[in-house]
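Okay, thanks for making time this morning.

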Amino acid sequence: MGFLSGLSAVLAFRTIPTTILITVIYAAIFSTLLVTDQLPSVPKHTRGLDFQQAYRDLHEVAARPHPFNSHANVLVRSYILNRVKDIASSYDHVSVDFDLSSNASWASGLLSTSPYAVYYESDNVLGQVEGSDKEYQESGGLLLSAHWDSVSTAAGATDDGMGVVTLLSMVKYFAEHRPSRTVVFNINNGEEDGLNGAHVFIEHPWVNITDTFLNLEGAAAGGRPLLFRATSRAPLASWSTSRPHANVITGDAFSRGVIRSGTDYSVYEQAGLKGLDFAFYRGRSRYHTKYDSIPGMSGDKSKNALWAMMEGTLSSSLVLANDVEGQTRAESVGQGSEPVYFDVFGTVMIVFTFQTLWIVNIILLTVGPVILLMLVYFEHIIRVTSRIRSGYYRAANGDAHHESFVARASAEIKSFLKGFWVWSKFWTALLLGVGFQVLLVVGYANLNPFVIHTHPWLVFVSALSLAYLTTVLALTFPLTKHSVVPAPEQQKLSVLLHQYVLTWALLLYTTSVVTLGGTYFITAWNAVVLIGAVLACVEGMAGARGYEDEEEVGRQRRYVSGVHYDAVGTAENGHRDSENGHQRVDTVEETEPTEITPLIAQHGQPTPLGEEQGAIGWWIAQLLVVVPLPVVLVSHIAVILLLAMNQTLTDGTSPFGVYGAVSMLALLIVLPLAPFSMNMHRGLNGIILIIFILSTIYTYLAFPFSQETPLKVYFAQSVDLDTSRVVTALTGPRQYLSTAIIPRFPSAIDQAVNCTDAPDKLGLQTCKWEVGDAFVPSPGGSKRHYGQGPASALQKWVTASIKRKSNSARIKVQGLNTRSCTLQFSGKRVKRFHLSGDGGKGLQGGSEVPEDGLELIRLWSRDWEKEFEVEVDLTGREDEKATGRVSCGWAEYESATVGGGRTGGKIPSLEEVLLFLPEWAVVTKSSAALFDAGWEFEV
């Protein structure tokens, strides 16, 4: 083997080198992404933060469920207040305010499909570390926020215990390392029931000290926390100093309503503050359940997750609190100032504005096609000229001259079809890829829609392998009779050009229609494909090997450069004239030497017809330009979305949306290799086919839930005080709820179970059944009403009075051992309301009652058993009756109050669910109250 032959075997655009290099690139990207995506271990040196104290704090804060409407909540509040006071007692520049004076009312639609309003009284724990720079002591400060309340069915280790203990650590840190700017801490209550603590903080004077915020949240139960959202570009300058994990795609999901939940970030943004939302986002199956606890996070996961939040908060806060030059406050204004940001392997943070992205898009859309069209034209002219000089067309015409009309027509049709296929195979591969992905999604949605809940990576592997197969097999068809790819460089250029057209069309759409920052990867993809296509055109103009098809090679392989040849027809050796129905073969003979004949005889070394073509080196540069960057960018998005969405089906998310997103991302990861896919080894194709078959069959048949990734079902109970009927309701997937779960409960045996579509959770159903006396709940708080008593005892749980005058009404309501009551209106709605004792402030700024009025008014008091007095103005005519329901809610039950907070509250039906649920299912709350009791009214 000569040197060039050996070099070609290693570096030429052939099967083995191409397969190896692409495999190495994809393996390197995937492995690096998965390794850098792991939670960091807690280091020995924790940068001045007392991690061990924070972990002890977490055991106190997340010892048991502590929703706002529970006495365990008061215990947690006392612990937090004492911790902040202990720190403040040693430093003159640290102050504490236990806010028991602020209250607020506002209208919202966050947690309900019905328009509602909220009245809330504060018991937030506020801290302040005064800045050392006098210019920023009363303004320009930083707000750090987290909420200490949990839901009633979870201890809240990640939602939001880790955020709270991180803030306690930051109070201590900034007390010892005084910042330049004042830092305010809002450790608030009532977030789970409607962002109530953040709303009421807006009424506190300390809010005027701050202009920037960092909100800590748990939107799931552990894993690596993510920068959820950013209001603007300036605060993001602080995030690049930490181990970044961020992507604008999550912010786009919030802004477009794809994510329907909310965090305190929304309140601060509405109030005009600029800042960031830092939250856990993985493990939705354990979110708001008993597994959101320290024991529920196996091994060192709880410690590592806590440290990830502490480290990110410290890094960002140090920049935000010590930025005296205002770099994290200097905002660009106007259209297009929204930030675009993403991290790369958790090491570097890329941040720019949407306006910058838009300008780059416009340049690529206008300049790119012009450059490429010119290069394609020049490449074509040079190639045609080269063929003319080589005698290619003369030889072809000579062959055609001796052929019959039918043979020539057949050859023309064959040539046309061949050319058409070359220029349409990319789009065929794309259509096949999309079509088969649609079939895969439909299969999952109909056969096993929840399998992604437990097996997200297998589903992703199934979609990824299918995308690979449809792309590669379509683009390698057909091979030559020698099983090699004809004219590989020419096919590569063709696919690159068509891929450029695709990315250009996508770029045009995202620039003119979608206008989202999360489409930055399309900009990058279009740019690298443009560069790759330019390189391929230059390669063609340079006369690189591999642009000839098999027929052209067959003609040219007989000639030696510099020697003139004539084709001589003979009838010797058994060859016969084709015009008489016989085969004619021309022999090639060297003419007599002329003045252009080389002085030294040359011996050509033609390429055998069965050997692969392919130029050396050019394809490597093109592959390194075209493939890695888009694969890296899309893979980062895929990991975030896959682990954020895979367990949202039990929240009512459409399976077509979840599986469709996975399939789309898989296709986008594979498509960049399309220009080089014709040289992928058939052995690798066979391996990937086996992987696709096995992963798809398994995920179509596997049971979708486990104890580690349980199915969430939603519990609620309602007591009708008019009839003393008690009804339990459970919401979940219809495939499992009525057949595999409810029959396990003793209270449902021999009872009529009524199942209907859940009104607020797509694809789920709500099943209700009436329970007997043994399952009647108790609000606790008074021995007279403790346990299961007669109907007269139940009726004392809620006392209410309603007086109507004209189109106004005064409603008084009080509940036993509760801090929460609700007014619900049907028919006539509420157009204005205010509470006695609220100071007549009206609704919070930026909040308005909708034109059609309110259906609900939710009332929250800092004190127990408060009597709410509400004045309402009603819509409609004065002679119309006003109807509705007055109720109060409770959230305490025996197993949740072990060790503290017990006042006699019982919910036997919930205890039954906890006891009899299968090990692959877990219960969570359906609404703020685990059970409510109320009266119907008509006035």
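So, helix H20, residues 682-701: with 20 residues at 1.5 Å each, the span should be 28 Å, and the end C-alpha atoms sit 29 Å apart, so that agrees. Keep in mind that we're looking at a predicted model here.

Now, which residues of H20 are buried? Those are Asn685, Ile688, Phe692, Ser695, Thr696 and Thr699. Around the axis they cover an arc of only 100°, which puts them on the same side of H20. You all know the background: an α-helix has 3.6 residues a turn, so residues three or four places apart point the same way.

Let me zoom in on one of the buried ones. Thr696, in helix H20, has a relative accessibility of 8%, and since the cut-off for buried is under 20%, it counts as buried. What does Thr696 touch, leaving out residues up to four places away in sequence? The answer is Leu440, Tyr444 and Ser462.

H15 has 22 residues and runs 32 Å from first C-alpha to last, close to the 32 Å expected at 1.5 Å a residue. How many of the 22 residues of H15 are buried? It's 16, so H15 is largely enclosed by the rest of the structure.

Next, a helix pair. H3 (residues 51-61) and H4 (residues 71-88) have axes that come within 10 Å and cross at roughly 155°. That is over the 145 degrees cut-off, and H3 and H4 are therefore roughly antiparallel to each other. On the H3 side, the contact is made by Gln53, Asp57, Glu60 and Val61, while H4 brings in Val76, Tyr79 and Arg83. Sorted by class, the contact of H3 with H4 has three nonpolar residues, one polar and three charged.

The peptide bond going from Asp159 to Asp160 is cis, with omega near 5°. And where is Asp160? In helix H5, residues 157-176.

There are also a couple of positive phi values in residues other than glycine. Phe345 has phi near 55°, and you'll find Phe345 in the loop between strand E10 (339-344) and strand E11 (348-353). Asn817 has phi near 55° too, and Asn817 is in the loop between strand E19 (808-815) and strand E20 (820-826). Is Asn817 buried or exposed? With a relative accessible area of 5%, against a cut-off of under 20%, Asn817 is buried.

One more loop residue: Asp760, between strand E16 (754-757) and strand E17 (764-770). At 44% relative accessibility, Asp760 counts as partly exposed. Asp760 and Asp651 are 109 residues apart along the chain, yet their C-alpha atoms are separated by 9.4 Å.

Let me finish by zooming out. The protein chain has 23 helices and 26 strands. Of its 939 residues, 55% count as buried. And if you take contacts in the protein chain with a separation of 6 or more, 82% of them are between residues 24 or more positions apart.

Conventions. Residues numbered from 1 in each chain as written. Predicted model: local features only at pLDDT ≥ 70, side-chain atom pairs only at ≥ 80, totals over all residues. Heavy atoms only, no water. Axes fitted to C-alpha atoms, helices over the stretch in contact; angles between N-to-C directions. Helix = DSSP H or I, 4+ residues; strand = E, 2+ residues; numbered from the N terminus. Parallel < 35°, antiparallel > 145°, perpendicular 65-115°, else oblique. Contact = heavy atoms within 4.5 Å. Nonpolar A, V, L, I, M, F, W, Y, C, P; charged D, E, K, R; others polar. Expected span 1.5 Å × (residues − 1). Buried < 20%, exposed > 50% of the residue type's maximum accessible area, 1.4 Å probe, protein only. Arc of directions from axis to C-beta.
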